[in-house]
2 protein chains.
Amino acid sequence: MTSYAKPVEVLIDELGRLPGIGPKSAQRIAFHLLKVDRIDSDRLANAIVDLKDKISFCERCFNVSEGEECTICIDPRRNQAVLCVVEEPKDISAIEKTGAYHGRYHVLLGVINPLEGVGPDQIKIRELAHRVAAESITEVILCTNPNLEGETTAAFIANKILKPFEIKVTRLASGLPVGGDLEYADELTLGRALEGRQTL
Amino acid sequence: MTSYAKPVEVLIDELGRLPGIGPKSAQRIAFHLLKVDRIDSDRLANAIVDLKDKISFCERCFNVSEGEECTICIDPRRNQAVLCVVEEPKDISAIEKTGAYHGRYHVLLGVINPLEGVGPDQIKIRELAHRVAAESITEVILCTNPNLEGETTAAFIANKILKPFEIKVTRLASGLPVGGDLEYADELTLGRALEGRQTL
């Protein structure tokens with residue numbers, strides 16, 4: 001019984017920590033990297049380092065950003081009075097592709113999930129309340145995923161956080177398959193769901 | 001319509017070049033790397049660089065190796081007269097786990113695949129012929145994958161390359177599901193297939 005050389009094992013181990021990468025995929029990717037030219041593997045390693053060097057989270061909405069605030073927050077053409085609340089920055093990209101939304105965003109960077117020990121204080125809910133108070137927001141659209149954790153988070157924000165502000169609070173319309181993931185919805189479905197949003 | 005910041009796009013693009021990683025997975029991994037601590041993303045980037053710094057292919061058998069020759073080639077306890085021919089270094093690990101093989105290996109680093117422009121000269125077949133001539137080999141076990149390309153490669157090596165040497169040339173026994181991939185076989189099946197190998 002032999003195992004791989006140490007640097008191969010280390011890389012397989014690191015790759016295996018990535019989401020959606022099992023041990024067999026990690027092994028396949030490691031051997032792929034062994035076979036490609038040095039310049040190609042360096043491009044990947046540099047892209048990872050570059051990401052952390054140049055990208056952080058927007059101080060206002062927690063979208064990914066190259067500066068202190070993201071391109072959407074500093075865009076004066078966006079409707080300043082509407083906030084779309086999403087779980088992750090990648091959800092912004094999905095909504096932007098529909099072309100149906102022209103307000104700004106607030107990224108929670110997670111979702112309430114008691115089983116994994118994530119409560120309201122571990123995600124950016126307090127920051128959302130501060131923004132609603134400080135930025136003259138008139139409508140908050142809750143665009144968390146239409147699954148258990150997303151619905152729980154939306155209900156918590158609507159009932160416990162936003163009720164005192166007496167503003168319009170809406171949720172994505174049905175049309176998204178329940179139990180699904182916002183990230184995988186097609187643009188038309190997501191656009192219609194956004195147009196038909198309902199007051200909670 | 002906005003897209004991601006440049007460093008995010010670059011990383012998604014690089015991740016998407018890896019085998020088995022589609023655009024959605026690449027995006028998911030990129031955002032995961034954005035959220036983890038700097039030290040964790042650096043560990044991955046360093047593991048990739050380290051791999052290329054420290055690992056190359058064995059000059060004799062083309063297994064992965066930290067030195068000029070791999071640990072199996074320099075191990076005096078291995079049977080020097082038997083060669084097991086595999087497509088990729090990862091196949092060696094699968095065979096070693098069965099504990100049923102005690103000879104040495106020869107890695108082709110590919111398989112004959114005319115559709116992708118890979119002929120006998122693009123993989124390590126010539127080097128195999130040199131070894132059989134120089135190293136007093138008495139048996140070659142052809143352990144390419146039991147699919148179209150693997151069978152073609154095994155038949156080519158048996159009929160065109162090894163016939164003149166008048167040595168024993170064997171193929172993994174049936175027992176492996178046809179159309180499958182050696183890498184995914186369970187240890188017992190692979191071990192039995194090895195024990196029941198047949199003369200071509």
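## A salt bridge across the chains

A salt bridge is a side-chain nitrogen of Lys or Arg within 4 Å of a carboxyl oxygen of Asp or Glu. In this predicted model, the side chains of Asp53(A) and Arg38(B) meet that criterion, with an N to O distance of 2.6 Å. Between chain B and chain A the count of such bridges is six.

## The contact between chain B and chain A

The contact draws on 57 residues from chain B and 57 residues from chain A, and the area buried between the two chains is about 5,600 Å², of which 66% is given by carbon and sulfur atoms. Polar contact between chain B and chain A, counted where both residues have pLDDT 80 or more, involves twelve residue pairs.

On the side of chain B that touches chain A, at least two residues each are supplied by helix H1 (6–16), helix H2 (23–35), helix H3 (38–54) and helix H4 (89–98) of chain B. The largest share of that side, 15 residues, comes from H3(B). Sorted by residue class, the side of chain B that touches chain A comprises 30 nonpolar, five polar and 22 charged residues.

## Helix H4 of chain A

Helix H4 of chain A spans residues 89–98, and because nine of its ten residues are buried, this helix is largely enclosed by the rest of the structure. The buried residues of H4(A) are Pro89(A), Lys90(A), Asp91(A), Ile92(A), Ser93(A), Ala94(A), Ile95(A), Glu96(A) and Thr98(A). An α-helix has 3.6 residues a turn, so residues three or four places apart point the same way.

Just after H4(A) comes Gly99(A), for which the backbone takes a positive phi of about 70°.

His106(A) is found in strand S4 of chain A, which covers residues 103–107. Is this residue buried or exposed? His106(A) has a relative accessibility of 0%, and since buried means under 20%, it therefore counts as buried.

Two polar approaches involve the side chain of His106(A): one of its polar atoms lies 3.5 Å from the backbone nitrogen of Leu128(A), and a polar contact of 3.2 Å joins it to the side chain of Arg131(A). Leaving aside residues up to four places away in sequence, the residues that His106(A) touches are Arg60(A), Cys61(A), Phe62(A), Cys84(A), Val85(A), Val86(A), Lys124(A), Glu127(A), Leu128(A) and Arg131(A).

Notes. Residues numbered from 1 in each chain as written. Chains lettered and ligands numbered in written order. Heavy atoms only, no water. Buried < 20%, exposed > 50% of the residue type's maximum accessible area, 1.4 Å probe, protein only. Helix = DSSP H or I, 4+ residues; strand = E, 2+ residues; numbered from the N terminus. Contact = heavy atoms within 4.5 Å. Buried area = accessible area lost by both parts, 1.4 Å probe. Polar contact = N/O pair within 3.5 Å; in protein donor to acceptor, adjacent residues only side chain to side chain. Nonpolar A, V, L, I, M, F, W, Y, C, P; charged D, E, K, R; others polar.
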